[in-house]
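Biologist: I'd like to learn how to read this model, one feature at a time. Could we start with a charged side chain and its partner?

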Amino acid sequence: MQTSLEILSEKTQAKARINTSNNITPLGVEEFLEATVNVISFRKLKNDRALKIYKNTIVNLTSSNEADDIVQLYQDVYQGNYPYTEMLDLDYLEEKLKHPDITSLYAYRSKKHHNRIVGCGAVICDKESRTGYLRGLMLHPNYRDEIDIKKSVLKTLISGYNRFYDHIDKYYTETRTAHSKAQYLMELIGCRPCAIFPNKDIFEGKNIRETDCLDVVYTDRALYKYRNSYPILLPCFEELYRYFAERYGFEDAIFAEPRIGKYDFFSGKFMDIITKIFCNISVNRKECRYNRIKYKIQTESGSKIEFTVTETVKSAEKTIVNVNCIEDLAALLIKVDDIMKEDDIEYFECYIPATNPEIQSVFLQSGFSVFGYVPAWISDSGRQLNDCIIFGKYNTPLEMGRLRLTYEGNQLLNLLKPFLKK
């Protein structure tokens, strides 16, 4: 009989690498760290100019007394239009930088300009959920020909993955799709696209909405030790699941129809029950710092959905669903739709564990799109990690021609197109 370690080793070896911009890129944290033991050998410096740019670049942790330089960088790069205003608050940033075990902000400096900070990237850790967030990767446009952004990103993640390896099982980032360069950089550090967020953000001002790509990188233990290996899914998700199963070497999922019939879900007695529940739902709105509003909508029986809206982009995320029955869920989702219309919310996303086809059916029949599939995402009890389906809604039509995706990003988008509803 094989030991758990032998099985884990086999699955790790089964993972496939992909070719990105003539580089064989790693898949996963361990493979990335193995491939980048020596950054010099990892980068193929083809000419003297590339070597000069490489040598001009310094990457190190930012201290709290440099917070004002980081705030100015955000202002310069986004011309005052950066939507997540906590990163423009000097007090907030100074406090975060005092705790590098949670928030590690790496500065990218130019030797040519007296070690001036001209770019940055952050690794933010939630040790309770064992999840890391990669955010704020940027480079001042005036210095793009003088700084080696690949070296900067590589050194940031070599340091981050090593420092937090015992505490973090997976990392994610939401990458812009206005251009594909940032997506290629994320693939270079092991991240892979798991979802497309249609028109979630506004970065350039003028109220032009932009689509994000959710990129995730895992440790082997997250995928092959703690993951619930047998998600239960609706049959319509089989092709989507097999895409990820092939990528990571997963076993087959369980595919099952819900007990509730497709055509009588919102009719007859069932709809009468939903209507009664809907009429007694309470809605609580709480204004918070940094242009955020926290919503809690709740039924009389205690079922609830909570989410946070960032007013600068009119997008809802960080959604928590806790329901006693599918009738409550159906009523709450109708209320979500009403709130989006009443409060001019453009976008809504919700991560739902891939364990209950009836819940999945409620979301689909309530008019929700499917934005993606994220393996080993939410812990139910102890350390076991359930896969999640990301359901959502978006109001501004998605213009496919504006998306600049990598090969893998386009593959995922093609699988999601049947589930994207206008």
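Biologist: Which side chain does the side chain of Arg292 make a polar contact with?

Modeller: A polar contact is a pair of N or O atoms within 3.5 Å; within protein, one must be able to donate a hydrogen and the other to accept it, and residues adjacent in sequence count only if both atoms are side-chain atoms. Here the side chain of Arg292 meets the side chain of Glu86 in such a contact, at 3.0 Å. Please keep in mind that this is a predicted model, where local features need pLDDT of at least 70 and side-chain atom pairs count only at pLDDT 80 or more, while totals for chains, interfaces and linings use all residues. Residues are numbered from 1 along each chain as its sequence is written, and side-chain values use heavy atoms, with hydrogens and water left out.

Biologist: Is Arg292 buried or exposed?

Modeller: Buried means under 20% relative accessible area, exposed over 50%, and partly exposed in between (1.4 Å probe, protein chains only). Arg292 has 16% relative accessibility and therefore counts as buried. Contact means heavy atoms within 4.5 Å. Leaving aside neighbours within four places in sequence, Arg292 is in contact with Tyr84, Glu86, Lys286, Glu287, Thr308, Val309 and Thr310.

Biologist: Where is Arg292 found?

Modeller: Helices (H or I, at least four residues) and strands (E, at least two) are DSSP runs, numbered from the N terminus. Arg292 is found in strand 13, which covers residues 292–298. Two strands pair if DSSP finds at least two bridges between them. Strand 13 pairs with strand 14 in the antiparallel sense over seven bridges, and Ile293 stands opposite Val309 in strand 14. These two strands form a hairpin with five residues between them, and Gly302 in the turn has a positive phi of about 105 degrees.

Biologist: How does strand 14 pair with strand 15?

Modeller: Strand 14 and strand 15 (residues 315–322) pair in the antiparallel sense over six bridges. Val309 stands opposite Ala316 in strand 15. Their hairpin has four residues between the strands, and Lys314 takes a positive phi near 60 degrees there.

Biologist: Why is strand 14 described as largely enclosed by the rest of the structure?

Modeller: Five of the seven residues of strand 14 (residues 304–310) are buried, so the rest of the structure largely encloses this strand.

Biologist: Now a helix. What span should helix 12 have?

Modeller: The expected span of a helix is 1.5 Å times one less than its number of residues. Helix 12 (residues 326–342) has 17 residues and should span 24 Å; its end C-alpha atoms are 24 Å apart, which agrees. Among its buried residues are Leu329, Leu332, Leu333, Val336 and Ile339. Just after helix 12, Asp344 takes a positive phi of about 55 degrees.

Biologist: How many residues does the largest nonpolar core have?

Modeller: In soluble globular proteins, nonpolar side chains tend to be buried together. A nonpolar core is a set of buried Ala, Val, Leu, Ile, Met, Phe, Trp, Tyr and Cys residues joined through side-chain atoms within 4.5 Å. The largest one here has 77 residues, and those with the most contacts inside it include Leu214, Phe307 and Val374. Helix 12 gives the largest share of this core, nine residues. A second, separate core of 28 residues includes Val59, Leu134, Met186 and Leu188.

Biologist: Last one: how many aromatic pairs does the structure hold?

Modeller: Rings of Phe, Tyr and Trp (its six-membered ring) pair if their centres lie within 6.5 Å; planes under 30 degrees apart count as stacked, over 60 as edge-to-face and the rest as tilted. The structure holds 27 aromatic pairs. Phe244 and Tyr373 form a tilted one, 5.7 Å centre to centre with 35 degrees between the planes. This pair links distant parts of the chain, with Phe244 in helix 10 (residues 238–248) and Tyr373 in strand 17 (residues 369–379), 129 residues apart. Both Phe244 and Tyr373 are buried.
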